[in-house]
Amino acid sequence: MSAGPEQIPADGRLTLITTHINADYDAFASMLAAQKLYPEAKVVFPGSHEKNLRNFFVQSMVYLFNMADLRDIDFSDVGRLVLVDTKLPDRIGKLAELLERPDVEIHIYDHHPPLPEDVHGAYEVTELVGATVSILAGLIRERQIPLTEDEATVMCLGIYEDTGSFQYGSTTEKDFIAAAFLLSMGARLDVIANMMAREISAEQLGLLNDMLQSAMNYTIKGVAVTVTSVTSEKYVEEFAVLAQRMIQMEGMDALFALARMGNKIYLVARSRTSDVDAGAIARAMGGGGHPYAAAATIRERTLAQAEQRLLDILHNTLRSTKRARDLMSSPPIRVAPDITCEQARSLLTKYNVNALLVIAPGENGSDRLLGYITRQIIAKAIYLKLNPKVGDYMMTEMGNVDPDAHLTEIQEKIIENKQRVLPVMENGKAVGVITRTDLLNILVHESQYQGRDMPDPHREEINARTRNIVRFMKERIAENILTQLAGIGRAGAELGYGVYVVGGFVRDLFLYRPNEDIDIVIEGDGIAFARKYAEMTGARVHSHEKFGTAVVIFPDGFKVDVASARLEHYRFPADLPSVEMSSIRLDLYRRDFTINTLAIQLNPNRFGTLIDFFSAQKDIKEKVVRILHNLSFVEDPTRVYRAIRFEQRFGFTIGKLTSSLIENVVKMDFFRQLSGRRVFTELRLILEEENPAPAVKRLEDYGLISILHPDLELDSEGVRLFEAVKKVLDWHHLLYLDEPYMRWAVYFAALVNGCSAESAEAICQKLEIAPRHRPIFTRERFDAGEALLHIRRNLSMKNSELHKRLSVFRTEIILFMMARERSERVRKAIAHYYTRLRFVKTSVTGRDLHKMGVAPGPIYREALQATLDARLNGRLKTREDELHFIRNYLP
């Protein structure tokens, strides 16, 4: 065992080991580890410590410590003070007196960043690792000091807590190595897991609920933080644990939790982003910690004063790390200098923007940036009937930035030059634009969008909430799909494109629903990407040039849908959209509902970054379906059907404003402008849901059923029939028959059940249902009614008669008959046919008749039918029986 400073005697005087006030597991573990290095030392606490830790260490592990009460220590006997997990004199209580004595040797082991007020010792070991005990465990390993199973468990617990089970950004390789060493020494992971997953008491649960209810979200200089303040008349244990649970539950980037308990105020700070240094904020509040977890105890302030002080510090301290590429809208909307102001005004309206870049072609395919023109200038020119060229009145004094420009440079360019828009240039090309409103929202925006239903990414900067969810993806996504997504990201990066998986796949990830329908959006040429990726993976591509979409089809049949990020605009209500290239933000804005606007970036440098521009996570959590803007249903009324389908599928509720807009679009009769095929497509998707009855009832509530035809209505009998269809289809599913059928057609037959054949035919024509399917809902539906009546009147009929009556119907009609019929005996008869009789076949064929010398003719059909009837009725069992029957049957 090599010598070290811990073996140097201090004139035979006492060595004390201590840590900071409000010690956590890392502090306690570090004291135990230090005791292994200083075996003759005494361990003392500088102040009170949380009860759960006291119970754990004192009641269960007290024998591990050479522990002493601070009140029993004569400071004049102390020759050496060992500090672990702190270097701050104001965090060790009364023991700080020893720091002033030159005869006391100070040893320090810590993992916190250096500060001006730090203590300096004769011997210091400080490293920026996840936990202090990782440093000490490394020294123990080097000196080959033996550890018991309990000692290794306590030390490993300290690493787990201070690294957030190795999830905090402060975690380093050394923490993993230390944990591996302690595991090799017998550390018990089951004990650690139990300590890390402590149950919350009713009192703690109440406080956590208060924290959630009082949470306020702020965006300060582009950085999203959450502040919560609560009050409890008595001390509630594990406030830090509650804060950690809250940040995990809500997916926050940074949380500052204040609690007044008794006559003290406690601050717990947690951060999961490099934009927020929790330790620096806590130090400014009189506490300490590291960038990802910190705490403070605040005295002589009210809770309101403490919160205001915290907000002041946040405003003065936070600095966004965002670059121009993070803030810009891309691609920029541009015009040539020779177009007229009238043409420019049309573009402003079309794209819903307030300024246009004026760009001319440059050398070697570059952009020559000439200036910009605003909506106000264009409006005034047109009002004065000048109708000049844009180049005549554009603003020409303007700066620009490159994509890596910092916020300070962006601010200087926009404010000092008084620019409405700031172009972002890269390699001589205009790749994006930042507006003055974008900048103002970054600088002073205080969560104004919380609770808004209608964000507008064209007019205002919407700060996306982002967080890395790689670990969550690994838990929820199959390994082969995850590998596929990583490969897609690498392919996009090679082309210089932003690559995202979007839509239902991401939504269902958070709803814990299986979904392997992968939709990829490319910030660039989606078809070019699809062709490159197909070439890399040996797949093939089907492309649709008009919409910039493609499908990559792999040899095993797996498909990936690829689309260029696009902006849709509608020429008139209910029109099909016109499509142009756009950025991911505008692409997501064109989607139907907020819950479908989540995206996950797949580029290697940002793989697994969740992007939420429109509070989709909030709406998913609150189980609400909301549209993105007020004209959404006017532009595309079929979105109403999708709103209802999602509402019922997920057990959500349509938002109040969204519901009101549905009523308006029905009242304004926009549905009559839709093609029948588009309406039927949406209706069919509803009818193919697991249980479409509630959705169809909602359609009826909004008056959308009678729009199809005046004779259509969902009365009480219709509701009963829909419920009966579901029971029948559930029964059919349990038969495990490998036979395809049209689920939607059974429900549609139930929907038109009260209509005449003529009305049903008119409905089919209006919805443009394929001619081959129409007989199901017209003639066959009525034939089925007659068959049911006959069976009802002749329940004792032979199997052969039942078979003859039902074999003419396709599966959809048979299932519809079972649902429609109320008599249990009739349903059993139909089920008997469907599960048994329809599979009965004769082994004798026409070839056997030919061998018997029977001349071909109608006798073949008659004889074989008679044989089948006899077999259905149980008279024949074997082939010999059939041959004998036919010989007797033939004349």
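## Parallel sheet and its helices

Strand 1 (residues 14-18) and strand 3 (residues 78-84) run parallel and are joined by five bridges. The coordinates come from a predicted model, and the description that follows should be read with that in mind. Within strand 3, leucine 83 is the residue that stands opposite threonine 18. Both strands belong to an open sheet of five strands, which has the order 2-1-3-4-5 and parallel pairing. At the edges of this sheet stand strand 2 (42-43) and strand 5 (123-126), and each has a single partner strand, so one side of each is left without a neighbour in the sheet.

Two helices lie across these strands. Helix 1 (residues 25-37) lies across strand 1, strand 2 and strand 3, and runs at about 135° to strand 3, whereas helix 3 (residues 132-142) lies across strand 3, strand 4 (105-110) and strand 5, running at about 110° to strand 4.

## Aromatic pairs

A pair of aromatic rings is described by the distance of the centres and the angle of the planes. Across the whole structure, a search finds 23 aromatic pairs. In one of these, tyrosine 533 and phenylalanine 554 have ring centres 6.1 Å apart and planes at 75°; because an angle over 60 degrees counts as edge-to-face, the pair is assigned to that class. The pair links distant parts of the chain, 21 residues apart, with tyrosine 533 in helix 20 (residues 526-537) and phenylalanine 554 in the loop between strand 21 (549-553) and strand 22 (559-564). Tyrosine 533 counts as buried at 3% relative accessibility, and phenylalanine 554 is likewise buried, with a relative accessible area of 8%.

How are the rings of phenylalanine 680 and tryptophan 744 arranged? Their centres lie 5.2 Å apart and their planes stand at 75°, so this pair is edge-to-face. Here too distant parts of the chain are linked, since phenylalanine 680 is in helix 26 (residues 676-687) and tryptophan 744 is in helix 29 (residues 743-751), 64 residues apart. Phenylalanine 680 and tryptophan 744 are both buried.

## An aromatic cluster

Tyrosine 533 and phenylalanine 554 are also members of an aromatic cluster, which is formed by Phe529, Tyr533, Phe554 and Phe558.

## Charged side chains over rings

Lysine 94 lies over the face of phenylalanine 75, at 5.6 Å from the ring centre, while arginine 838 lies over the face of tyrosine 834, at 3.8 Å from the ring centre.

Technical notes. Residues are numbered from 1 along each chain as its sequence is written. This is a predicted model: local features need pLDDT of at least 70, side-chain atom pairs count only at pLDDT 80 or more; totals for chains, interfaces and linings use all residues. Side-chain values use heavy atoms; hydrogens and water are left out. Rings of Phe, Tyr and Trp (its six-membered ring) pair if their centres lie within 6.5 Å; planes under 30 degrees apart count as stacked, over 60 as edge-to-face and the rest as tilted. Helices (H or I, at least four residues) and strands (E, at least two) are DSSP runs, numbered from the N terminus. Buried means under 20% relative accessible area, exposed over 50%, partly exposed in between (1.4 Å probe, protein chains only). A charge sits over a ring if NZ of Lys or CZ of Arg is within 6 Å of the ring centre and within 35 degrees of the ring normal. Two strands pair if DSSP finds at least two bridges between them. Contact means heavy atoms within 4.5 Å. Axes are lines fitted to C-alpha atoms, for helices over the stretch in contact, and angles run from 0 to 180 degrees between N-to-C directions.
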